[in-house]
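User: I have a protein chain here and would like to go through it step by step. Can you take my questions in turn?

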Amino acid sequence: MLRAKAGGKIILRRKAIIVSIDGLGDRPLHELGGLTPLEAATTHTFDILAGEGMVGLVDPYAPGVPCGTDVGHLCMLGYDTKEVYSGRGPIEALGAGFEIFPGDVAFRCNFATIDHNGIVRDRRAGRIREGVAELAAILNNITLNNNVIANFAPATEHRAVLVLRGAGLSPLVSDSDPGGKNEGMPIQPIRPLDESEAALKTAEALQQFLAIARGLLNQHPINLKRIMSGQLPANAILTRSGGIATKCIPLQERFNGIRCAAVSGEATVQAIAKMAGMQIVTHPGITGSYDFNGQLKASFAIELLNDNDLVLVHVKATDLAGHDGKWDSKKSIIEQIDNMVAVIKAKIPPDTLIAITADHSTPCEVGEHSGDPVPVVIWGKGVRADKQLAYGETSCSAGGLGRITGKDFFHILIDLMGFSQKLGA
Ligand SMILES: [Zn+2]
């Protein structure tokens with residue numbers, strides 16, 4: 001706890017840890033006797049936090065609206081996604097290590113295989129891995145008409161990111177990617193999606209880039225070698241999910257100098273943390289997969305609290321289990337996260353708050369993100385305890401936090417930490 005002086009007034013400040021359990025929320029499963037994986041899991045620490053703290057349900061974006069990990073985390077960090085999010089492209093670009101600036105338009109891309117007639121034979125170019133960096137390098141830093149610069153970088157496997165930079169661009173252009181189940185369909189021409197000059201200019205620039213890319217890729221030695229050895233060439237780029245980068249005000253500027261950090265093994269959450277101006281810790285030992293290493297994440301989180309006020313710790317594995325419909329493994333991952341939180345709780349400074357929540361629900365029976373709200377608990381000194389004794393979807397529905405949005409959750413936490421701004425005199 002710190003008593004900071006601001007404008008002659010003494011302010012009580014506390015640090016906090018947010019544990020973001022990706023896709024945590026679920027629905028009752030008959031295999032678990034009508035409980036959710038969280039309710040069926042043995043979670044001593046979560047339940048202590050719930051018993052001593054305040055619980056509720058969070059609609060990350062809005063009730064009944066499923067959202068992605070990117071949007072869910074932006075909401076959880078108090079951002080208005082209508083202001084800072086227009087599509088997945090810029091998030092992918094940040095994840096791929098790009099510096100992006102307001103006005104840049106970014107796209108998710110695939111290296112693909114097309115035939116002489118422009119028919120997509122394989123949307124992933126035989127899931128190409130080798131040589132992707134070299135192929136991406138020849139598509140980087142290309143000057144197009146109207147002074148638009150195309151920058152291109154590889155992402156994972158056959159995926160890549162394209163960033164168009166220039167005056168007056170728009171994300172409102174169609175995809176060249178015919179979509180996941182449409183192999184055998186032609187690569188789609190880029191069309192402006194509204195009447196604006198910006199959309200027309202962007203569509204023309206993108207179309208020009210894609211033509212140049214096909215020319216360069218077709219004659220590249222890596223592709224000639226692939227053809228010789230019977231592999232599919234990566235001879236075209238498919239684009240989708242265009243978005244324009246907007247000015248995203250860092251948390252530190254928005255909330256009285258709060259210093260924030262994130263621990264995550266997943267590129268999407270790392271990109272969101274970057275947007276929010278958070279310090280990011282990555283390490284080969286902490287992954288965005290099933291082997292997430294909660295103990296290592298806990299030790300990074302505790303270390304980061306020395307120089308930060310707020311630390312976000314993200315675990316992806318629960319979402320993966322939800323997508324895979326593996327309720328038993330979701331339950332056991334939740335138990336591992338409970339152990340991770342036990343370590344955090346034992347080692348944090350005495351007045352640190354702990355909040356546990358999620359970016360969205362990924363119910364095992366659905367295998368996709370749903371619009372179900374997610375359970376939340378906030379624990380620590382100064383938090384008004386409610387009467388709920390367990391951290392689960394049902395118990396949280398009757399808790400003191402009520403039913404709130406992701407943005408509400410963040411504002412409540414920031415206020416408990418002493419970083420909020422008073423409205424009015
Ligand atoms: Zn997610």
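Analyst: A charge sits over a ring if NZ of Lys or CZ of Arg is within 6 Å of the ring centre and within 35 degrees of the ring normal. Keep in mind that this is a predicted model.

User: Which residue lies over the face of Phe 419?

Analyst: The distance to the ring centre is 4.1 Å. The cut-off is 6 Å. The residue over the face of Phe 419 is Arg 13.

User: What span should helix H15 have, and how far apart are its end C-alpha atoms?

Analyst: H15 has 12 residues, 406–417. At 1.5 Å a residue, they should span 16 Å. The end C-alpha atoms agree with that, at 17 Å apart.

User: Which residues of H15 are buried, and how wide an arc do they cover?

Analyst: In H15, the buried residues are Gly 406, Phe 409, Phe 410, Leu 413, Ile 414 and Met 417. They sit on the same side of H15, because they cover an arc around the axis of only 125°.

User: Phe 255 and Phe 410 form an aromatic pair. How many residues apart in sequence are the parts it ties together?

Analyst: The pair is edge-to-face, with 5.5 Å between centres and 70° between planes. Phe 255 lies in the loop between helix H9 and strand E11, while Phe 410 lies in helix H15. So the pair ties together parts whose separation in sequence is 155 residues.

Methods. Residues are numbered from 1 along each chain as its sequence is written. This is a predicted model: local features need pLDDT of at least 70, side-chain atom pairs count only at pLDDT 80 or more; totals for chains, interfaces and linings use all residues. Side-chain values use heavy atoms; hydrogens and water are left out. Helices (H or I, at least four residues) and strands (E, at least two) are DSSP runs, numbered from the N terminus. The expected span of a helix is 1.5 Å times one less than its number of residues. Buried means under 20% relative accessible area, exposed over 50%, partly exposed in between (1.4 Å probe, protein chains only). The arc is that of the directions from the helix axis to the C-beta atoms. Rings of Phe, Tyr and Trp (its six-membered ring) pair if their centres lie within 6.5 Å; planes under 30 degrees apart count as stacked, over 60 as edge-to-face and the rest as tilted.
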